[in-house]
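Subject: Structure for your review

Dear colleague,

Please find below the sequence and structure that I am handing over to you. A summary of the findings follows.

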Amino acid sequence: MTSDSDDALSWDGDDGAAPKAPAPKGSARGASVPRGGASDDAALPDGWNAVGRGSDAVGHVDSDGTVTMPDEHEAPHLSTAMLLTLGIVGGIYLLYSIGWVVGGLRLKPLANLIVADAMYVPWFVLAVVAPALWFLAVWVLTRAKAAWIRIGLLLLGVVLLVPWPFVTVGVIGS
């Protein structure tokens with residue numbers, strides 16, 4: 001049996017490391033982590049986060065006593081700057097969709113002189129949902145890519161999806 005002072009003399013990865021001593025009865029560590037199924041070091045109670053090397057392999061103990069291990073395919077967390085960028089660009093795309101609705105409805109009487117409704121309506125609907133489709137496609141297809149690629153493609157969509165009927169004619173028109 002080893003004592004806590006002996007733990008200070010061992011290094012992570014020692015081949016002959018002795019197993020840790022069991023926690024004394026009544027301690028917080030022994031009461032919060034269920035015995036069985038997972039080792040003492042494999043899971044932490046809710047509200048605790050593991051840090052350092054190997055922290056991605058540490059699970060959490062749910063309130064009902066079950067141990068939930070982390071999923072290997074879990075998406076990485078987004079930084080604050082990336083969340084702000086996504087929010088701003090998502091808001092621009094929402095405004096673009098509204099601009100396509102307003103501009104497209106404003107041009108409909110003029111377009112009916114040239115094309116039938118059967119030709120105008122599908123392209124109008126596609127123009128309205130194009131910003132949302134672009135945002136969704138970039139979000140899904142750049143999941144495992146670098147952040148600058150995701151931001152670059154989102155900004156490319158900001159340039160390409162400008163609602164030109166709204167920009168040129170406006171709400172009142174000329």
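Is the crossing of helix 3 and helix 5 left-handed or right-handed? The crossing of these two helices is left-handed. Please note that this is a predicted model, and that the remarks below should be read with its confidence in mind.

Confidence

The protein has a mean pLDDT of 77, with 69% of its residues at 70 or more. Residues 26-40 have a pLDDT below 50, and in the model this stretch makes 14 contacts beyond near neighbours in sequence.

Helix 3 and helix 5

Helix 3 covers residues 80-114, and its axis comes within 10 Å of that of helix 5, the two crossing at roughly 20 degrees. Angles under 35 degrees count as roughly parallel, and helix 3 and helix 5 are therefore roughly parallel to each other. On the side of helix 3, the contact involves Met-82, Thr-85, Leu-86, Val-89, Ile-92, Tyr-93 and Tyr-96. The residues they meet in helix 5 include Ala-147, Ile-151, Leu-155 and Val-158. Sorted by class, the residues of this contact are twelve nonpolar, two polar and one charged.

Helix 4 and helix 5

Helix 4 spans residues 117-141 and helix 5 spans residues 147-160; they pack at an angle of about 165 degrees, and their axes are 10 Å apart. Helix 4 and helix 5 are therefore roughly antiparallel to each other. Helix 4 passes helix 5 in a right-handed crossing. From helix 4, Trp-134, Phe-135, Val-138 and Trp-139 take part, meeting residues of helix 5 that include Leu-156 and Leu-160. This contact comprises eight nonpolar residues, one polar residue and one charged residue.

Helix 3 and helix 4

The remaining pair to report is helix 3 with helix 4, which pack at an angle of about 175 degrees with their axes 10 Å apart. Helix 3 is therefore roughly antiparallel to helix 4. Their contact has 16 nonpolar, four polar and two charged residues.

Strand 1 runs parallel to strand 2 (residues 59-61), and three bridges join them. Within this pair, Ala-43 stands opposite Gly-59 of strand 2.

With kind regards

Notes: Residues are numbered from 1 along each chain as its sequence is written. This is a predicted model: local features need pLDDT of at least 70, side-chain atom pairs count only at pLDDT 80 or more; totals for chains, interfaces and linings use all residues. Side-chain values use heavy atoms; hydrogens and water are left out. pLDDT is the predictor's confidence in each residue, from 0 to 100. Contact means heavy atoms within 4.5 Å. Two strands pair if DSSP finds at least two bridges between them. Helices (H or I, at least four residues) and strands (E, at least two) are DSSP runs, numbered from the N terminus. Axes are lines fitted to C-alpha atoms, for helices over the stretch in contact, and angles run from 0 to 180 degrees between N-to-C directions. Angles under 35 degrees count as roughly parallel, over 145 as roughly antiparallel, 65 to 115 as roughly perpendicular and the rest as oblique. A crossing is left-handed if the near helix is turned anticlockwise from the far one by less than a right angle, and right-handed if clockwise. Ala, Val, Leu, Ile, Met, Phe, Trp, Tyr, Cys and Pro count as nonpolar, Asp, Glu, Lys and Arg as charged, and the others, Gly among them, as polar.
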